[in-house]
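Hello,

Here is the structure I promised to pass on to you. Have a look at it first, and my notes on what turned up follow below.

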Amino acid sequence: MYRTYLLCELGDELILVDQHAVHERVVFERLCGVRQKAALSAQRLLFPVSLEFDPRRAALVAEFEAELGQLGFELRPFGGRSFALLAAPDLGSYGRGATVHRDPELLLRQVLDELEEHGKSESIAARTDLLLATMACHAAVRGGDVLDEAKVVVLLVAMDEVYYSPHCSYGRSVLVRIARGELEQQFKRT
C-alpha cells in the first residue's frame, strides 16, 4: 500500500492527491499569511537543545538572529560556537490536526542550510518564502504516513481554505486529474 495518495471523485473526474504535497502547500500558505502580519508563533522547548556549530554556521546564526526570531526560533549563545535552542516554530498550529511533530533541531539545521545557500543572493521576500517552504515541508505529513478519515477530511477542507496552487513550494504537482473519458479508455469502455 502506498499510503501516499488520496483518491477523490469530483464530477466526471477522479483526482489523485499527493498528501504530502498538498499539506505542504496548505501549511506554506498559512505560514505566509501569518508571516505577512507578524512573527510566527513559537513553542518553548521543555528541554533546551544544546547545539555546537562550526565557525561559519555560528556566524550565520549571529547574522540572521533577528530573521530566525521572526520565524519562531529562539537561540541563546552560551560560549564560543555553542547555542541553546530554547524555542522553535509552532508548526502544529498551521497544520490544523494533520501535522506530524518533527525534530526542531533538524528544522533549524535545514533553515540554516537554506540561509547558507541562498541568504546573501536572494531578496528578503524570496529568502523568506524559501525558508517558509522549508518549514512547511518539515511540518507536512509524509508520503507513507497513515491518515485516518478525520485527518483526510481536515486536509481536503484545508485545501479549500487557502490559495490554490497546482504545485507545492518545490514545484511538485499537488494533484492529478483523470477525466472519465481517459479512465473509460483505459478499461476499453469507449
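**What I found**

Helix H1 is mostly covered, with 14 of its 17 residues buried; buried here means under 20% relative accessible area, exposed over 50% and partly exposed in between, with a 1.4 Å probe and protein chains only. This is a predicted model, in which local features need pLDDT of at least 70 and side-chain atom pairs count only at pLDDT 80 or more, while totals for chains, interfaces and linings use all residues. Residues are numbered from 1 along each chain as its sequence is written, and side-chain values use heavy atoms, with hydrogens and water left out.

To stay with H1 for a moment: the helix covers residues 19-35 and reaches 24 Å from its first C-alpha to its last, close to the 24 Å expected at 1.5 Å a residue (the expected span is 1.5 Å times one less than the number of residues).

Stepping back, the protein chain has 8 helices and 6 strands, taken as DSSP runs numbered from the N terminus (H or I of at least four residues for helices, E of at least two for strands). From the N terminus on, the order is β-β-α-β-α-α-β-β-α-α-α-α-β-α. The C-alpha atoms fill a box of roughly 70 × 35 × 30 Å along the principal axes, and 41% of the 190 residues count as buried.

On a 1 Å grid over the protein atoms alone, a cavity is a set of points where a 1.4 Å probe fits but cannot get out, and a pocket is an open set with protein on both sides within 12 Å along at least five of seven lines; lining residues have an atom within 4 Å of a point. Searching the whole structure gives 1 cavity of 30 Å³ or more. The largest cavity has a volume of about 50 Å³, and its lining includes Val22, Arg25, Val26 and Val174. H1 gives the most to this lining, with 3 residues. By class, the lining has 7 nonpolar, 1 polar and 1 charged residue.

Val174 sits in the loop between H7 and S6 and is buried, at a relative accessible area of 2%. Its C-alpha is 13 Å from that of Ala140, 34 residues away along the chain.

The second largest pocket has a volume of about 170 Å³. Strand S1 (5-10), strand S2 (13-18), helix H7 (149-161) and strand S6 (175-179) each give two or more residues to its lining. That lining has 7 nonpolar, no polar and 3 charged residues.

Finally, which rings pair up? The count comes to 1 aromatic pair: Phe53 and Phe83 are tilted, at 5.7 Å centre to centre and 50 degrees between the planes (ring centres within 6.5 Å; under 30 degrees is stacked, over 60 edge-to-face, the rest tilted). Phe53 lies in the loop between S3 and H2 and Phe83 in S5, so the pair ties together parts that are 30 residues apart in sequence. Phe53 is buried at 3% relative accessibility, and Phe83 is buried at 7%.

Best wishes

Methods
Points joined across faces, edges and corners; volume = space filled by probe spheres on them. Nonpolar A, V, L, I, M, F, W, Y, C, P; charged D, E, K, R; others polar. Phe/Tyr/Trp six-rings, centres within 6.5 Å; stacked < 30°, edge-to-face > 60°.
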